Amino acid sequence: MTTSVIQNPELKLIDEFLARSSRPCSHRNMTFKFCPRCAHPLGDFIHNGEPRKGCTVEACGFVHYDNPTPVVAAIVELNAHVILVQNHGWPTDWFGLVTGFLESKEEPEAGVLREVREELGLDADLVGLVGVYGFDAMNQVIIAYHVRAQGHIQLGAELAAYKAVPIHRLKPWPFATGLAVRDWLANRA
Ligand SMILES: [Zn+2]
């Protein structure tokens, strides 16, 4: 956790929410206890000067680097609005961009269009990359795209709600996918 995360009240809020959350996507609930290679217990080691979890069986040699996971995110433009979505279990006033994990060997550009199709039932065209953002609280790296969609929204089962915000009323939030919204709006101005 960096100092800036602790000092920023909005980030502290999301961090506390994620810490309380029992959802499996919360990074705090995803610590390995056993080696995924040989199923022996993991132990604590210093590996190249860094504290790491690793396999207690020397011949196995597995090291758990806990690298960040890439996540694709979409600023979905639909009829001069941007579509924001709410995941199940979020506070009812929280909305964010459409996001998702990549499938094995999937290109990010294909993955973001698939997520828009799965979560909103919309076909979309890729307009461009907005930016790449570290999301420390979830140990993720967000790859954010602007996409332009057509059609009528059919909300996917993994979402609780959506809202269509007129672009001129869209306000960024200071963490996670909100940083992509901030940069997108700044580049339009
Ligand atoms: Zn092992």
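Visitor: Where in the protein is confidence lowest, and where is it highest?

Guide: This is a predicted model, in which local features need pLDDT of at least 70 and side-chain atom pairs count only at pLDDT 80 or more, while totals for chains, interfaces and linings use all residues. The pLDDT is the predictor's confidence in each residue, from 0 to 100. Here confidence is lowest in helix α1 (residues 3-7), with a mean of 37, and highest in α3, at 98. Over residues 22-26 the pLDDT is below 50, whereas the mean for the protein is 88, with 84% of its residues at 70 or more. Residues are numbered from 1 along each chain as its sequence is written.

Visitor: How many helices and strands does the protein have?

Guide: Helices (H or I, at least four residues) and strands (E, at least two) are DSSP runs, numbered from the N terminus. The protein has four helices and nine strands, and from the N terminus on they follow the order α-α-β-β-β-β-β-β-α-β-β-β-α.

Visitor: Which strands make up the open sheet of three strands?

Guide: Two strands pair if DSSP finds at least two bridges between them. In this open sheet the order is β1-β2-β3, with antiparallel pairing, and the edge strands, β1 (42-47) and β3 (63-64), each pair on one side only. Six bridges join β1 to β2 (residues 50-55), and histidine 47 has glutamate 50 in β2 as its bridge partner.

Visitor: Which residues of helix α4 are buried?

Guide: A residue is buried if 20 or more other C-beta atoms, placed from the backbone, lie within 10 Å of its own. In α4 (residues 178-188), Leu179, Ala180, Val181 and Trp184 are buried, and the buried residues of this helix pack against β4 (69-78), β7 (123-135) and β8 (140-150). Two residues are in contact if their C-beta atoms, placed from the backbone, lie within 7 Å. Leaving aside residues up to four places away in sequence, alanine 180 touches Ala73, Ile75, Leu97, Val130, Gly131, Tyr133, Ile142 and Ala144.

Key: A residue is buried if 20 or more other C-beta atoms lie within 10 Å of its own, exposed if 12 or fewer, and partly exposed in between; C-beta atoms are placed from the backbone.
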